[in-house]
Structures are given as structure tokens and as C-alpha cells.
Amino acid sequence: MMDKRLPIFKVFLIFFTALLCGGGLLLVLFGANLKDDIRSKFDGQKWQLPAIVYARPLELFPGKALSANLLVKELELAGYRNEKPVTSPGGFFREENRVHLKTRNFHFPGGLERSIELEVGFTESTISSLTKPNSKEHLTLIRLDPARIGSFHPLIHEDRQVLKPEEIPPLLKTALITVEDQNFNSHYGIAPLGILRALLANIKARRTVQGGSTITQQLVKNFFLERERTFSRKFKEAIMAVLLEYYYTKEDIFTAYVNEVFLGQDGSRAIHGFGLASQFYFRRSLDDLSVAQTATLVGMVKGPSAYDPRNRKSACIARRNLVLQTLHDKTIISTKQYEQAKAEAISDVMVQKNGFNRFPAFLDLVRFQLRAEYKEEDLRGKGLKILTNLNPQVQWKIEQTLSQSPLQLESATNLKKLQGAVIVTSRESGEVEGLTGDIDPFGTGFNRALDASRPIGSLVKPAVYLSALASGYTLASPLMDTSISVDRSGKMSSNMDGSWTPSNYDNIEHGRVPLYLAMAKSYNLATVRLGMNVGLEKVIDTIQKLGFSAPLPKYPSLLLGATEMSPFQVSQIYQTIGSGGFFLPLRSINSVLTQDNRLLKRYGLQVEQRFSPALIFLLTHGLERVLSEGTGRSYQFHSDKKFFAGKTGTSNELKDSWFAGFSDSHVAVVWLGRDDNKPTGLSGSTGALRVWGSLLETLGADSESPQPEPTDEIDWVRIDKTTLKPARGWNTNTTELPFIRNTVPVTKKQQQPGHLNDLEQKTKNFFESLNRIFQ
Amino acid sequence: MKIPSHLSAYPFYPTCHLLLLISLCLTLNGCGTKTVFPPSATRPQPTSGPTTRHQGTVQEARTSVPIEHGRIKPVVLPNPQLGPAGSLYKKAEQHLAKGSYRQAELALERALRVEPRNGYYWYSLARTKFGQKQYAQARQLCYKSKTAAGGDKALIEANDFLISQTKRKIIK
């Protein structure tokens, strides 16, 4: 019988065919599995984009109180380049008392504000002129693009500015393809010949000198996979690259690559994509980059750390020049461009640190106010643009004043652990212009402005006096500043046998005092008597109408501030007083835009009148007196032309030092204290007032605007300080007080119906005696 | 008046008395001063709302805010006090005329950031809110405008009129 065994080669053929089919099947199944991963990640939103937070836009107009130095500081905060001449948007230079700048395009809620070139002239600390440099056309009002002050990053701490295909400059595209993957437009994701070529080169050099990965493979590696150097990862990368090329266009893949590529580190923030990298390294948008700068970024793709222009200048220059050489050899750039680019310095600007949050306490407030409407992942991942009301000039002044306060407060006994919080708002709009929750302006821990609930002490008294004024009391109403005792039922007596016996700060009883003086000097006894007469319920209602919404204890001690509030809550209360009786919710945010500049939400002006202007006018006058003759008189303001009003507050044992009040333009609250709740040795007037006064004196309005005039209901009357009645002409023991019309105090005699004055009485007597004669 | 008995014998006594009285009155009138009693210190009613002193001067004939083509017709206030943000105010008025309330609102809020005490800007914002049918807020903005109006009667009256219109709308 013949041997029917198959020839060996046939066996191998069958085996090989089976292996190929099996392998192919596995490959198909593997690919099908990967396909879903690719489609799910590549379609839709590819990246988690941080929300970017901006300060208020700076408005410029002739007559504005602003110095050239401050304008330059604002421009630097906004990332403007200092260059002469100004070559593109985002540049400026200063010549003595003139600043020349070119603003950047910015999408505001009302639409796109286009870049404009202008010259700002200054006379001392005021803008004297605004002109267009070439035409000398005079401008009346210009709004600059706002400064980026921080961001809410995704947990992976990547940052990027996503570019659309049409936003990628042609030179960048050509340079990248030439340097990284010259066959990009013709291969199908992998380049076997390129891999082979790289392999041979690496074997020859006995180290890795060449990469064989295509742009597609690089994208797959960075976008989908981990950075492990294993064969399986390489295999997977190759399959995915082919699949990516199958399902997406070259343009999709290249755009994703331009936005994904890692190009450096800024602290904990990873710089991804050419869009952000051009801003980060050159403070320019991508289409403003020079040939040399484009070549620098392209060269950094191979190794952002190795070719970092900040600290590896020579390696960076060498790599850049190699890229330029390649571009020249391929006639992508001319010889002239090549020579010019080679001669260019690596960078003409300091790297702009935009990644870290410059004003962390303020950003806490922004996040808090957004939390009601946005999930945390949306804040961190959707690329929202948050336009806030932060005024950098106000914020700098707050930080400077507060950080210097321990040095200035010599009377404090425990300065080392002194902490503080300050909030400043616009008096007429309730916009939060500055906030800090730590003596250290960069402190990112406990935010005392928002979260420290502390006893407010005498800060509550304006609510007591406002309730009294609303109940018919006047600033001249006599009060008794004498000992008082309050029992559990709230009944007052002078027997000192009740459960609560308050006392004055100086332990002195001042007897009969006018209401304005009791407020100015913060007499406890008079305040308690007044508050109990007016009614605790009424006072609580006033506090709540002023803007404090949380429950309040219905104890008489509330009249002296035995309740806790945060500086932010106190700020809301004094905002209502400062704005003339209008409740204006404190707002840190102006509007929120999507990544593509659609308006999502606006936080516009909302006003609600809760107290009559006349009553608030009286109260404000009383608060002015706090500073002129009351507990705040020790602070000497440098200008007597400016308006200031406010109230000191000191808690028991000098643990908390407060001052809350307002000037022409701003409302401000200052708190000083210790986190361990130990005494600071500071009262409201020796501590917080010093910071407050120093701060408010330097803050001014954008434009001159007069103080609100007294309403038509107000009469000014000269009052005898002893009798508290209208004074006669020769009396020098007097003071002028405002009264609501028809509430001016009268004498006892004048209070009786059908009363007569002395002369009339004498005349009447004369006639009566005359009558008796004739009877 | 009873004539004393010891004088009753004098026939001209009543006339003399009368003449004496008249001359005394005339003399005293020349010497005396007119005394004005200050109003008694009665406790005023707490004002829970704003003052509207000029409400009575509003022309009753006007029954509604001038409307043209469904949009608020601009009320041209004589001599509006415009400052550095005047261009924004004018822009806002143009937007109002076209019914572009959001744009008007944005321009006016920007203007108020520059000049927070300009009563004209607040008034314009009140009209914007009226156009957006936010009548309660429009009224509050009128109150705000009035506090910044000072002695500007035209502005105060314009606000009072708009307040009355918002009240009608709210009642409806």
C-alpha cells in the first residue's frame, strides 16, 4: 500500500493558513472591541476643559482716576506683552505718561468686542486722553479684555485651549507634518517602512535615536493609552491607529493631535495643545507666532522637558534650529525667513503663569455661588467662561493693607497668630470687588471671609437703632444709659436682680443721652433699653430685612450682638444700609458663557427697596458720627472731604475685632481675630478700623459722583445738646441733626394742646388784669 | 364785660374803654412778633415704601407708557445728565427703541458700573425691565433712580409715572 501522508509543505501551508485565519479572526474581534473605545471617546467632547475665571473688564475713559503704573499692572495681570512696537493684539509699551496698547478680541455676553489699538494719556493719576494712534481720533470709553485670574481644573490637571481645524496656521501644520510624520497624508495610520527605518537606525546607534510612530500613533498613545513601553501596548496602538484612520478623516486626526500633544508643565498644570502652549510660552495666539516661535513649539513635541525654553535654552535653540533647517531644506520657508528665525531670541516674554489661581479666596466665593446651579464636574470639565466682578486694583489694596496690618497694630498683644478677612463691594450695585479670607493673600486653607462664624458684638446695633427710627424715634430722642437687668421673661428692671445684667464697655453709666450719641459711642445700656422698648421681634425683623436670612436667637443679648455671623453675612447687612435701604444680593459673578461663547447665565442687577431713604439717611448720619465723635474717632482720616460711615464691633475679651461701613463708593467689612479664639488685645477701633480706614481711604470711585443728597423729607435742625430741643440763636451747646419732616422735637409746653409761648402768656395776663381793672 | 360800679357814673366810659382797647391793640400789634408754633412731635407712621411726593403732579390723562409697534417709545427727558458712560446710555436708548431689551440691559449695567449714581441710567434700566414685563423690578429700579435724582423734577416725575404704570400692570 502507498504512504498517504501529506507532504510536509502542505502541512505547513494548512497550518499557516489556519494560523492566519485564526489570527485574522482574533484581530477582527480585537479590533471590533477597540472600535467601540475609539468611537466613544473620539466622538463628542474629547477633553475635560477647565472653567476659566476672569476679572471684571477694565473700562478706560478720560477723567478716570487711574495711574499709568496701575494700568501697566492690570495689563501684565492680563498677560499682555511689553513690546515696542506693538505687533499684534495683547501688546503694550509705555513712554513716560503715555501707554500704547492693542487690546485682544473678547466675547462678552453682548457680543464680540474686537481688538483695538489705542494710546492712553495720563496727567498724574488720571486719564487725560484716549486716542487712536494713527488717526488721533478721540475715544470716550473703551473696555479692555478681562484678565484671566484662575480656573477650575479637571482632576487630571490638564489644561488646553481647543483649536478648530481652521484655527491651525498653515505653517504649523506643514512644519508638524514635515518634522513628525512626512507621510501623514498618505499612510493608513501606521508606516511599516518608517518603523523599519527607525529600527535599523536605532540598532545601528545602539540606542533610540529615531521614532517610527506616525502622528496617528502618537495621538492614540496620548489620547487612549497609558504611557507604558510594552509590546502589547505598541500592538494595541498600531491597531487603534489603523481603526482611527478608517473611521475619521485626516483633518479630524490632525486637529485632535494639535490639541492633545503635551507641551510642558506649569506647576501642577499640564500644558496640552498648541493653542495654550503659544499663550503660555509667548503670550500670543497661534496665528501671531513668528516662524522661529512656531519652530520652537514644533521642536518641543519630541521632548517638552528636554527642550523647555525656560530652563533648557541652549537645547531648545539647537532643536529649534534643526527644525528650521528641515523646513528650509524642504523649501517650506525661504532663506531669508530661515536666517531671520535663526537669529531670533528664544522668547521675548516671561512665561505667563495663568494656571494657578491668583486670588484663591475670591475663587472660593465664585465656586460657592455657582454650586447652586452647576455640578462640580461641569465646572471642571466643560470649558465654561466665568466673568466675575473682581476688581484687581481693589483686591491688591486689600491684600496689601491686610498683610501689613500686624506690623501696624502695635497695641495688639498676640500679633503672630493674628488672622483676618476683608470683603469690599460696590456701594450701589452689590458687586463683590475684592475678598480675602487670610492674612496671607495666597492662603488656600480656611476661608474666614466666607466660613468663619464669629460673634459680631456692636455691629448689630445699627439694626436696633434703625428699628427705633422706624418706630418714631429721632436722632435726638433721649435714652437712659443706666443700669438694667433683664429677667427670663424679657422684663426689664433697674433692680439688678434679673438673669442678665449688661454693662458698658467703660463700666460707666452715662445717664440721659441722645440717641445719636448712644449709637456713636456704642453705649450698651442705652441700646438694650431702646431695643427692649422697640421690641426684640422688631429688631430681628430689621436684621432679616437687612439681609441676614438665618434664624436669630430671641434673647435680649442679641441687642448687643450675641450672635455669630461670617464677614460675608455682615457685608450683606451693611450693603443694604450703604445702598440707601436697597437690598442688593452680593454678587461675585457677572455672567457664564459656554466654551463657544454662548451666554448660559447672567447675574444682573436686582434691587429691592426695604427701608425708606429718609430712615437710612438718619441712620447713616449716626454712623458718620461713630467716626467723628464716637468709638471710631481715634482714627485720623487723611482727607476730610471724603465721606465715611461705619460701626465698630468688639466681642467679649477682645477676641474679635470688627469694623463695617462704607465710603462714597464702597462698602467694606474687616474682621481680625485668632483661629484658636484667644484674645487679640484689639478692639474694633484699635484693630479692624485701622485696616478699614487705611483701605477705604485709597479706594475711590471710577468717576466723581456726589453723595446722595438728603431726601425732600429731611429737615436739618440745630439741637441743644442738653435739652435735646431746637436751640435758640445764641446757644453754643448745640449740634445739627437731620430729622424727618414733622418729627423735630418740641418743648413740654409746646406739647400741650392750645399752648402759648411766654410773650403770649404775658399778653394774656395783661388783658386779664386789664379786665379786672374794668370789672 | 361788666362795668365797675365806681365808674358807671361816667357816661363816656364805655366809649373810652373801647378806644383804649383799640389803641392798645394797635400798639401791641406793632410791637409783637408773629409766633409760629412748630408742629407737634407726633410719631410719624413708618414708611414701608418710598416717598412719592410728586405723585399728585402726574398727569392723570396719561393712561399708559407710550407704546409704538409693541415697543416702549423712548421718553426724551430734557437735558439728561450724561457722564463718561453717556455713549452707552445712548446706545441703550437705541436698543430700547428697537425692542432689544437684553442689549439695552447690558449697556446700562455697564454704564452704571462707570457712573453708579446716575439717575438717568437707573431710569432707563427701569424702562428696560418694563419692556421685559418684569414690572416689580421696574418699579424698584424707579425707586433707585429717584434716590439718585436729586432735585431733577423731570426725572422724578418720569419715574413716578412709570411706577404708576407698573402698579397697573401688576394689578392686571
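Modeller: The model is predicted. The pair is helix α5 of chain A, residues 215-223, and helix α6 of chain A, residues 231-247. Their axes come within 9 Å and cross at roughly 115 degrees, and the crossing of α5(A) and α6(A) is right-handed. On the α5(A) side, the residues that meet α6(A) are T216(A), Q217(A), L219(A), V220(A) and K221(A). On the α6(A) side, R233(A), E237(A), M240(A), A241(A), L244(A) and E245(A) take part. Sorted by class, this contact of α5(A) with α6(A) has five nonpolar, two polar and four charged residues.

Elsewhere in chain A, A147(A) sits in the loop between β10 (142-143) and β11 (148-152). A147(A) has a relative accessible area of 5%, so it counts as buried, the cut-off being under 20%. Beyond its neighbours within four places in sequence, A147(A) is in contact with V53(A), Y54(A), A55(A), L77(A) and A78(A). Y307(A) lies 160 residues from A147(A) in sequence and 29 Å from it in space, C-alpha to C-alpha.

Chain B has six helices and two strands, arranged along the sequence as α-β-β-α-α-α-α-α. Of its 172 residues, 39% are buried. Among contacts in chain B between residues at least 6 apart in sequence, 62% join residues at least 24 apart. The accessible surface of chain B is about 9800 Å², and carbon and sulfur atoms account for 57% of that surface.

Terms used. Residues are numbered from 1 along each chain as its sequence is written. Chains are lettered from A and ligands numbered from 1 in the order in which they are written. This is a predicted model: local features need pLDDT of at least 70, side-chain atom pairs count only at pLDDT 80 or more; totals for chains, interfaces and linings use all residues. Side-chain values use heavy atoms; hydrogens and water are left out. Axes are lines fitted to C-alpha atoms, for helices over the stretch in contact, and angles run from 0 to 180 degrees between N-to-C directions. Helices (H or I, at least four residues) and strands (E, at least two) are DSSP runs, numbered from the N terminus. A crossing is left-handed if the near helix is turned anticlockwise from the far one by less than a right angle, and right-handed if clockwise. Contact means heavy atoms within 4.5 Å. Ala, Val, Leu, Ile, Met, Phe, Trp, Tyr, Cys and Pro count as nonpolar, Asp, Glu, Lys and Arg as charged, and the others, Gly among them, as polar. Buried means under 20% relative accessible area, exposed over 50%, partly exposed in between (1.4 Å probe, protein chains only). Accessible areas come from the Shrake-Rupley method with a 1.4 Å probe; for residues, only the protein chains shown count as cover.
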